[in-house]
Amino acid sequence: MAGRAEPSGPAACGGAPGLLPLLLLLLSAAAIIPRGDGQNLVTEDVTVVEGDVATISCRVKNSDDSVIQLLNPNRQTIYFRDFRPLKDSRFQLVNFSNSELRVSLTNVSISDEGRYFCQLYTDPPQEIYTTITVLVPPRNLVIDIQKEIAVEGEEIELNCTAMASRPATTIRWFKGNKELTGKSEVEQWSDMYTVTSQLVLKVGREDDGVPVICLVDHPAVKDLQTQRYLEVMYKPQVRVSQNYPAQGLTREGEPLELTCAAFGKPQPTDMRWLRVDDEMPQHVVVSGSNLLISNLNKTDNGTYRCEASNAVGKSHADYMLFVYDTTATTEPAVHGFTQLPNSAEELDYGDLTDSRAGEEGAIRSVDHAVVGGVVAVVVFAMLCLLIILGRYFARHKGTYFTHEAKGADDAADADTAIINAEGGQNNSEEKKEYFI
């Protein structure tokens, strides 16, 4: 059986109207594809810090002794094989072979950034590019503070500026080891960026001497930071301590020695003792921060206050004295220490103790116990009374029915009814037998 010949050449293409343009497109693409194993050049992008050294490498995967050359972004030849036509001495040959051309660029600047081209003289020529990116660290890092010296409770403003970086810097704030959040603004000047971060901070006495740190996050630099130490002024914090007796009761006839300590910034310069509820007794000796009573008596009872002041304000602490008999052995509930704030703001500072709070709590506890005991006694008495009344009424009801007109129904007159009723159970029984 003879086979039929298939049409060929242009006649074959005529059978498919869209096949000829597709064939021409494929032939055109084949003309620009490198021969052999396809693209034969390999390179990598380079990121370098300004002033450092960048290395550009043009490598051939399957060498056929073709010529390799390197061009700059302006397409000027830097190296042709191992020869350097460009007169920029910062470019130096690191390695040359049939499979690699490696060149270093020293002292890199922003103007060196861009695309560099590796070319391989094959038929047709091959080309690939690598991009050099230049990083610029911040030129300067500065913290400006609104107030060099702040007063507790105030808000202060700090600004940290990182100038002339590329890319833009990220600024982070720390107070001690605690990270805080600031507000940043970025300004661009040509190819450079200046970043300013603002931090608003309310300071207290605990912030005095604490460093505020401005830290930079940038790919061109590590651990770049600057810091400022806070200086905060605050009111005195006053404490009264009992030197003698160290522990136990303040008894009549014994001595009492108190010491007042005050800390503030600036250090308190004015300190004095006074009696809150009365004049200071004549026999009380005050020497600086110490108060001494050599022979206690009951007229010394009261509240003794130590006041201290500085340029910021005034604070005080109280000692409540109660003198006991010489034979007393119970720990007092009404004498002790208390530091009272001058305003609500001072409640945040220190441990404020007041022995009167414990005394009032104890009194409230005693009152509750007494009331509970009285209620229990009343309830118990009422229960006992109800039981007695119940027994009484039950007994009275039984007696009434027992003696109610026994034999009265059969009596001829009242006297006989009484006699029959007093006859008791025996007479009743006889009557029962009689009726049976």
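The entries below go from sheet and hairpin to charged pairs and then to single residues.

**Before starting.** I noted that this is a predicted model.

**Entry 1: an open sheet.** I began with a sheet of 4 strands, which is open and runs in the order S14-S13-S17-S18. Its pairing is antiparallel. Which strands sit at the edges? I found strand S14 (178–180) and strand S18 (221–229), each of which pairs on one side only. I also looked up the angle: neighbouring strands of this sheet are turned by 30° against each other on average, direction ignored.

Next I zoomed in on one pair. Strand S17 (residues 211–218) is joined to S18 by 7 bridges, and the two run antiparallel. To find the spot by eye, I looked for His218, which stands opposite Val221 in S18.

Entry 2: How many of the 7 residues in strand S15 are buried? The count is 0, so I wrote down that S15 (residues 183–189), by the under 20% cut-off for buried, is hardly covered. Its partner is strand S16 (residues 192–202), joined to S15 by 7 bridges in an antiparallel run. Val186 has Val195 in S16 as its bridge partner. The hairpin of S15 and S16 has 2 residues between the strands, and Ser190 there takes a positive phi near 60°.

Ser184 counts as partly exposed because its relative accessibility is 42%. I also checked a distance: the C-alpha atoms of Ser184 and Leu199 are separated by 9.1 Å, with the two residues 15 apart along the chain.

**Entry 3: salt bridges.** A reminder to myself: side chains of opposite charge can pair when their charged atoms come close. My search of the whole structure gave 19 salt bridges. I followed up some of them.

- Glu50 forms a salt bridge with Arg139, and their closest N and O atoms are 3.2 Å apart. The pair links distant parts of the chain, 89 residues apart: Glu50 is in the loop between strand S2 (46–49) and strand S3 (54–60), and Arg139 is in the loop between strand S9 (126–135) and strand S10 (140–145). Glu50 is partly exposed, at a relative accessible area of 25%.
- Glu113 and Arg166 meet through their side chains in a salt bridge of 2.4 Å, N to O. Glu113 lies in the loop between strand S7 (100–105) and strand S8 (114–120), and Arg166 in the loop between strand S12 (155–165) and strand S13 (170–175), so the pair ties together parts 53 residues apart in sequence. Glu113 is partly exposed at 23%, whereas Arg166 counts as buried at 17%.
- Arg228 and Glu148 form a salt bridge at 2.8 Å, N to O. Arg228 is in strand S18 and Glu148 in the loop between S10 and strand S11 (150–151), so this pair ties together parts 80 residues apart in sequence. Arg228 is partly exposed at 24%, while Glu148 is exposed at 51%.

On the surface, I found a nonpolar patch formed by Val371, Val375, Val379, Leu383 and Leu386, with about 460 Å² of accessible area together. Leu383 belongs to helix H3 (residues 355–403), and at 48% relative accessibility Leu383 counts as partly exposed.

How values were computed
Residues are numbered from 1 along each chain as its sequence is written. This is a predicted model: local features need pLDDT of at least 70, side-chain atom pairs count only at pLDDT 80 or more; totals for chains, interfaces and linings use all residues. Side-chain values use heavy atoms; hydrogens and water are left out. Two strands pair if DSSP finds at least two bridges between them. Axes are lines fitted to C-alpha atoms, for helices over the stretch in contact, and angles run from 0 to 180 degrees between N-to-C directions. Patches are made of residues with over 30% relative accessible area and no salt bridge: like charges are joined within 9 Å, nonpolar side chains (Val, Leu, Ile, Met, Phe, Trp, Tyr) within 5 Å. Accessible areas come from the Shrake-Rupley method with a 1.4 Å probe; for residues, only the protein chains shown count as cover. A salt bridge is a side-chain nitrogen of Lys or Arg within 4 Å of a carboxyl oxygen of Asp or Glu. Buried means under 20% relative accessible area, exposed over 50%, partly exposed in between (1.4 Å probe, protein chains only).
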